[in-house]
Structure formats: C-alpha cells, structure tokens
Amino acid sequence: MKSAIEVNNLTKKFGTTTALANINLSFDGNKIYGLLGRNGAGKTTLLHLLAAQLLPSNGSISIRGESLYENNNALSQICYIGLFLNNNKYIKTFKVKDFLKSAAMFFPNWDEKLAKQLTELFSLDIKKPYRNLSTGMLSMVSIIISLASRAPITLLDEPYSGLDASARQEFYDVLAEDFGRHPRTIVFSTHLIDEASNLFEDVIILHQGKIVLHEPMETLEESSLIVFGDKDELESRLGNKRVIHRELFGHRASYALFDKISEQEKTAWTHAGLELRSLTLQQLFVHLTANSGR
C-alpha cells in the first residue's frame with residue numbers, strides 16, 4: 001500500500017538561507033502526525049511545500065504515488081488553510097458564509113452538515129463580515145474549513161491562534177471525534193505540545209531545517225524517562241544510556257533519558273533507590289532541540 005505522502009530529499013532555500021535540508025519523510029494514511037519545532041525550524045515551510053504553495057529547491061513530494069506538482073488529482077486531496085490575514089481587497093468583501101461557500105465549491109468531499117454544526121459549536125455568525133472578525137474568529141473559520149473539507153490529507157498549522165483554552169479544547173474534542181468517524185492523514189503543527197499530544201499517533205521534530213526525530217508516540221512514551229537519585233548511583237547505572245539532559249543538586253541529580261529501557265532495568269533502578277518519572281513530550285522536545293547544532 002502506497003504512503004499517503006512521500007517526501008524525498010526535499011530541500012528548500014530562500015536566497016542563501018536553507019529552510020529545509022534534505023528532508024525524507026513518509027506519512028501513512030489515517031494517522032494524526034504532530035509536527036513540532038522551534039520558531040524558524042521549517043515547519044510552515046514544510047506545510048507550504050506539502051500543499052504545493054511553494055516549489056522545492058531540490059527533491060520531490062508524491063501523494064499516493066503521484067507527483068504533487070501540476071497534478072489536479074493530487075492537489076484535490078489536500079486541505080491547507082492558513083489564517084485569512086492579508087490585504088487582499090477581494091477577501092475583505094467576504095463574510096463568513098462566503099468563505100464556507102467558496103470552500104464547498106473547491107473541496108470535492110465537503111460536508112455541509114459538519115460545517116453548520118461547527119459554526120453553531122463556535123457560536124460563529126456566518127453573516128459577520130471579514131473586517132469584523134477577530135483573530136480567534138478567523139481561526140474558527142480555518143478550523144471549520146479544514147475539518148468540513150473531509151480532505152484525505154489535512155494540514156493544520158497552529159490552527160487555534162487567538163482561541164482561549166476552552167475553545168481550543170472544543171477544537172481538540174471535535175478533531176478527535178471527527179477523525180474517529182472519518183480517518184484521514186492529518187499533519188498538525190503546534191507549539192502547545194502537551195496540550196495537543198493526546199491527539200498524536202506519530203511525532204516529527206524539525207530543528208534547524210532537519211529531522212531530529214520521527215517516531216510513534218508509543219515508542220516515545222516507552223523510551224523517555226526522568227530518573228532522580230544519588231549522582232554516583234545514576235552515573236554507575238545509566239552511563240550507557242542516552243542522557244539528553246542533566247540537572248545536579250549537590251550529591252543528587254536528575255537525568256532525562258531517551259533510549260530503550262526495559263521493565264527489568266526500571267525495576268532494578270527502583271530497588272537501588274532511584275525515582276522514576278515520565279518525561280512529557282514537551283520536555284523531550286525541549287531537551288532534543290536545546291542548543292543542538294550550536
């Protein structure tokens with residue numbers, strides 16, 4: 001079975017700046033991917049390339065085995081909606097209902113019933129003109145179009161800008177429920193890592209234009225751990241493990257690990273007086289990208 005998206009040797013340069021360097025990725029169908037990275041890591045550039053809104057400097061992207069570029073069939077399977085924040089005079093004449101009507105004509109799998117349900121959920125007035133829409137309302141419009149498009153490949157780039165915590169939770173709940181009923185490939189870029197992590201099946205971390213991690217969430221949960229205890233005890237027992245962060249407190253220390261860790265090892269460490277805690281995805285992300293390559 002062909003992957004939903006194949007990215008091969010993808011490089012994107014803007015003048016002398018390399019935004020992405022020789023990226024290789026494979027996205028399966030019917031999975032939610034968390035796309036993580038610090039500011040300037042290349043996340044939005046990658047999403048623009050996946051949506052054919054940019055041309056690569058080198059490399060290729062295929063959608064279910066077909067070249068992405070100049071291919072209407074491939075393009076019809078993708079939904080990427082950024083915030084409608086621009087100075088386009090035509091866009092500024094739109095009301096919410098006009099955005100939704102245009103989307104219905106563009107996306108072949110458009111679900112009008114879902115679009116209506118979501119406008120009601122977010123209490124969004126479809127007659128409200130663009131000029132009167134707050135940043136949060138514009139995010140709601142983007143979210144509604146992204147989900148109601150029913151696109152086999154949906155790209156979400158920080159989709160909740162301007163939304164408060166309650167509205168973000170509503171979005172997460174709707175996304176999870178709708179994905180359960182209508183699975184597709186979703187690539188979700190976010191800085192609110194722990195808040196959204198329950199949605200992810202796979203995680204991709206970009207740093208300085210390169211992939212530093214691409215693993216299933218299950219693997220990350222099994223392989224990441226914080227161990228507290230006597231510093232000498234930690235050194236003697238964990239010296240052969242990949243330690244991605246250390247904190248010292250006199251004779252005691254805290255080690256963040258990212259490695260294969262067996263249940264027997266965990267039991268032995270506990271019996272030796274060491275304390276084990278889970279490492280959150282956000283903590284793992286921070287440690288893997290801290291000062292890397294500097």
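## Getting your bearings

Helices here are DSSP runs of H or I with at least four residues, strands are runs of E with at least two, and both are numbered from the N terminus. This is a predicted model, where local features need pLDDT of at least 70, side-chain atom pairs count only at pLDDT 80 or more, and totals for chains, interfaces and linings use all residues. Residues are numbered from 1 along each chain as its sequence is written, and side-chain values use heavy atoms, with hydrogens and water left out.

## A serine in a loop

Let's start with S197, which sits in the loop that runs between α7 (193–196) and β9 (202–207). Is S197 buried or exposed? It's buried, with a relative accessible area of 11%; buried means under 20%, exposed means over 50%, and partly exposed is in between (1.4 Å probe, protein chains only).

Which residues does S197 touch, once its neighbours within four places in sequence are set aside? Those contacts (heavy atoms within 4.5 Å) are with M217 and L281.

## Salt bridges along the helices

On to charged pairs. Side chains of opposite charge can pair when their charged atoms come close. To count as a salt bridge, a side-chain nitrogen of Lys or Arg has to be within 4 Å of a carboxyl oxygen of Asp or Glu. Searching the whole structure turns up 12 of them.

Take helix α6 (residues 165–181): it holds both E177 and R181, four residues apart, or about one turn of the helix. Their side chains meet in a salt bridge, at 3.0 Å from N to O. E177 is partly exposed at 45% relative accessible area, while R181 is exposed at 62%.

Helix α9 (residues 231–238) has a pair of its own, R237 and E233, four residues apart and so about one turn of the helix from each other. The closest N and O atoms in this salt bridge are 2.5 Å apart. R237 counts as partly exposed, with 34% relative accessibility, and E233 also counts as partly exposed, at 24%.

## One more pair, and a network

In helix α10 (residues 263–271), E263 and K266 are about one helical turn from each other because they are three residues apart. They form a salt bridge whose closest N and O atoms are 3.5 Å apart. E263 is exposed, with a relative accessible area of 55%.

Which residues do salt bridges with shared partners join into one network? They are D111, R150, D178 and R184.
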